[in-house]
Amino acid sequence: MRAVLSALRRVVALLALPVILLLVWWFASADSRTPAMPPLKRILGVLPDTWFGERLTGDVLPSLIRLTEGYVAALVIGIVAGVAIGSSRRVRLVVEPVLEFLRAIPPPALVPILFLIAGIGDTTKILVIIAGCVWPILLNTVEGVRGVDPVLVDTCRTYRVGGLLRLRTFVLRSASPQIVTGARQALSVGIILMVISELKASTDGLGYTFEQFQTRFQYPQMWSGVLILGLIGVVLSVLFRLVESRVLAWHRGQRAAERTPL
Amino acid sequence: MSPSRTSLSRDTFLNRGTFLKRGMFLSRVGDSPALLGLLGLGVFAALLEILPRAGVLNPEYFPPTSRIIGALWQELGRPDQPFKPSLLSALGDTLVTWLTGLAIAVSAGVVVGVIIGAVPLLREFTASTIEFLRPIPSVALIPGLIVLLGVGREPTLVIVVYASFWQVLVQVLYGVADVDPVARDTARSYHLGPLRRVRYVIWPTALPYVMTGIRLATTVALIVTITGEMVIGTPGLGDNLFVAYTGGDVPVMYALILVTGLIGVVANSITRAGERIVLRWHPSVRGEVAV
Amino acid sequence: MRMRRLAALFVGVTLVISAAACGGDDSPTAPATPGGPDTVNVGVIPIVDVAPIFLGEAKGFFAEENIDVNLDTAAGGAAILPGVDGGTFQFGFSNAPSVLIAQTNGLGIKAIASGNSTAGDPDNDFSGLVVKDPSITRPADLAGKKVAANTQGGIVELAIRELVDRDGGDPNSLEIVAIGFPDMVAALENDQVDAIFAVEPTLSAAKAKGWKVLGSFATIDPDMTVALYVTSSRLAEENPDLVARFTRAIKKSLEYAQSHPDEVREIVGTYTNVPAEVRANMTLPGWPTEIDSGSLDTLADLIVKYGITDTRPDVSAILS
């Protein structure tokens, strides 16, 4: 009985606010005469036909594959570079301004430059995703590595724990709460860039479809695409939460253990 | 007994040039954040000067740094034209849009984040909505915003706040969640009220996360400001960039990108400085100072 | 203590910046007080084609009609047309097929004047289908290849497919990719695409590389109305006088631009970043005062032929 109630409660928590917002949207837009903001009823009406046909495998899937590739690459690059930069004050001070310079270049300006370097195929799209995803991961990793407990630093030195062991069991573990925060941020940034990378020079993808709807003034379809993007975001974040609970299990356990019974 | 003459003079000679000793010179440079940063930027700029000239990058599409700076210099001297505001006026517009949006996003993000983060019930109920709204690109909202708000500063401001808010919010939520249980229990046993608890327990743990969030949001806000200016046509650097791009004026285009990048660098230095003050007590700042 | 002071400072700064930001903007305005000129917002793209309205504004043609023109740049028809329909812009500039597609999909848009047409000569137009590979000698050779257009489903895509079709090739075998005009030359140079369809000033840059032009808008129809000035049907109904005055002024501007190409080349330099040498030599579009409805019919046919919409756009709906 308890389990059912708890599951029910979780479902309610998941759906309550979205349902309320959707209802507000439904009634607010019901009489809308502005083509760019059609009634929610129409948007939901076109949604199944637009997305649950061949678009699912022909556009959504390729986009998600590119997103995964870019995200994983960004994760690797961000963590490796982040540890390297966070561990040395000098390295950080030299490299940071250049990184901040690159970070500030807006995607619409960056995309043509990447087209020149890497062509107009999948590689460039993945590079665009990496170019945006790497920053939250990198920045958070650097801060996580910088902020490790100095007592533990000394402990490692005393026990002559060095090299790969120190990296794995100490540095990465200590920084992992912040690294995970960065990875979380990078996920939604990745979805946004996935769309942006496909607006130009594409032949398939969610962003490509989106651009098509915009240039053809098919606003109900465009807004249905927005809803799909949101749903993808929710699904991916649930998956992320599952992975996160495994990776940070030690952290949660430690925090729980720190709660002394007294 | 003094050593023989030759060895004495050799020792004295070696000891004499202490102020010229190699290690000491390097350590003087090696301690200054500003000099090290400039070193990094200098190497980067030199690389971008050499590669196009050497032909590794096509100079037609990747002009060397010197040409970009030349174009920047010309742009600075160009007065306001009917459709191409002067560089300084565009810069001013961008700064106002960016900083306003950032200020709103950070305040809203921190306040909402602390409230939601501190109340588990709220966190549970808002989680799905946050995860749904976060990945929606501002590009999607632009047609609707143009219709509602026109093509001035307002629609760009909206997307700037929209995009930056989530960065701050997520960081704050993570920070609040990471509260040290010992501190939390201590607060409870001392019967600290909710406001006190926020100030003494939640806030210090969350602060490093919040500062990272501000650093992330600062650049995101800048990027979205320029993007909005490019796509919507709001006056600012992005608008000038779009006009340069459309006209095929590659050096000016890169000059404007250079300005944007430099704003990012300066903004980061300022937030880092702010971080050093606010997080004085945190190991990341303390540890480095000790070294 | 310090936290409180910091917080107060922060709030204060936010308020000041917000106040500064919200003042002095250029939001759409309704016609001003009677007697004074009407202020209108016109959405345009910063390209060569809109030179007439800049020229007309500089020459005072709009002031003569008691109109104060406020020109706003936007990235393309996709941004301008919803703005016209929604009232952000009173008038706008857009390529003709986009106007037809927008109308078909529910936007209340009316064409009031021609925006620009071709330069008249199929072999020397302001637009061109350009190839680099000397073995491609005619449009039909492009069947199955990758061609760059500036956007999906616009006049450029229609032109590419139609040129191939008329030359006997299979238009549906083409892979059309959207690349911005400024990026097209580099894309063709690096063999990322097999052909590009560009307009000035990109066309000049492509020709400067010695590449071959296989066709243009003018090949399809030398009198083709490529773009239109539009207004919303709502404004046409509520304020026909303003629309009539604006139409007169823009037609006068078009006529003036057509007969004063040197002044056009000069004014293009004030609102774009096209370099002076390119401006001096590029082929200018044509600026007739009348819309060629025959070519609009052709475009409507092409729109449904190549699957951009399911139903054929109603040309009369935008012209009435």
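Biologist: How many bridges join strand β6 to strand β8 of chain C, and which way do they run?
Modeller: Strand β6 (residues 146–149) of chain C is joined to strand β8 (residues 195–199) of chain C by 2 bridges, and the two run parallel. Two strands pair if DSSP finds at least two bridges between them. Helices (H or I, at least four residues) and strands (E, at least two) are DSSP runs, numbered from the N terminus.

Biologist: Before we go on, what sort of model is this?
Modeller: This is a predicted model, where local features need pLDDT of at least 70 and side-chain atom pairs count only at pLDDT 80 or more, while totals for chains, interfaces and linings use all residues. Residues are numbered from 1 along each chain as its sequence is written, and chains are lettered from A and ligands numbered from 1 in the order in which they are written.

Biologist: Thanks. Back to β8(C): which residue there is the bridge partner of Val147(C)?
Modeller: Val147(C) has Ala195(C) as its bridge partner in β8(C).

Biologist: And what order do the strands of that sheet take?
Modeller: The order is β7-β6-β8-β5-β9 (chain C), in an open sheet of 5 strands with mixed pairing. β7 (175–178) and β9 (212–215) of chain C are at the edges with a single partner strand each, so each has one side without a neighbour in the sheet. On average, neighbouring strands of this sheet are turned by 35° against each other, direction ignored. Angles run from 0 to 180 degrees between N-to-C directions, and axes are lines fitted to C-alpha atoms, for helices over the stretch in contact.

Biologist: Which helix lies across β5, β6 and β8 of chain C?
Modeller: That is helix α7 (residues 181–189) of chain C, running at about 150° to β8(C).

Biologist: New topic: what about the other sheet, the one with β10 of chain C in it?
Modeller: This one is an open sheet of 5 strands too, in the order β2-β1-β3-β10-β4 (chain C), again with mixed pairing. The edges are β2 (67–73) and β4 (109–117) of chain C; each has a single partner strand, so one side of each lacks a neighbour in the sheet. Its neighbouring strands are turned by 25° against each other on average, direction ignored.

Biologist: How many bridges does β3(C) make with β10 of chain C?
Modeller: β3(C) pairs with strand β10 (residues 225–232) of chain C over 5 bridges, in the antiparallel sense. In that pairing, Phe93(C) has Tyr229(C) as its bridge partner. Towards strand β1 (residues 38–44) of chain C, β3(C) has 2 bridges and runs parallel. There Gly43(C) has Gly92(C) as its bridge partner.

Biologist: And what does Ala113(C) stand opposite in β10(C)?
Modeller: Ala113(C) faces Tyr229(C) in β10(C). β4(C) and β10(C) are joined by 7 bridges and run antiparallel.

Biologist: How many residues of strand β3 are buried?
Modeller: In strand β3 (residues 91–95) of chain C, 5 of the 5 residues are buried, so the strand is largely enclosed by the rest of the structure. A residue is buried if 20 or more other C-beta atoms lie within 10 Å of its own, exposed if 12 or fewer, and partly exposed in between, with C-beta atoms placed from the backbone. Phe91(C), Phe93(C) and Asn95(C) lie on one side of β3(C), and Gly92(C) and Ser94(C) on the other.

Biologist: Switching to helices: at what angle do α10(B) and α12(B) cross?
Modeller: Their axes come within 10 Å and cross at roughly 165°. That is why α10(B) is roughly antiparallel to α12(B). Angles under 35 degrees count as roughly parallel, over 145 as roughly antiparallel, 65 to 115 as roughly perpendicular and the rest as oblique.

Biologist: And which residues meet there?
Modeller: Leu207(B), Met211(B) and Ile214(B) are among those of α10(B), and Ile263(B), Gly264(B) and Ala267(B) are among those of α12(B). By class, this contact has 8 nonpolar, 6 polar and 2 charged residues. Ala, Val, Leu, Ile, Met, Phe, Trp, Tyr, Cys and Pro count as nonpolar, Asp, Glu, Lys and Arg as charged, and the others, Gly among them, as polar.

Biologist: Last one: how many residues of chain B are in contact with chain A?
Modeller: 60 residues of chain B are in contact with 56 residues of chain A. Two residues are in contact if their C-beta atoms, placed from the backbone, lie within 7 Å. On the chain B side, α10(B) gives the most, with 11 residues.
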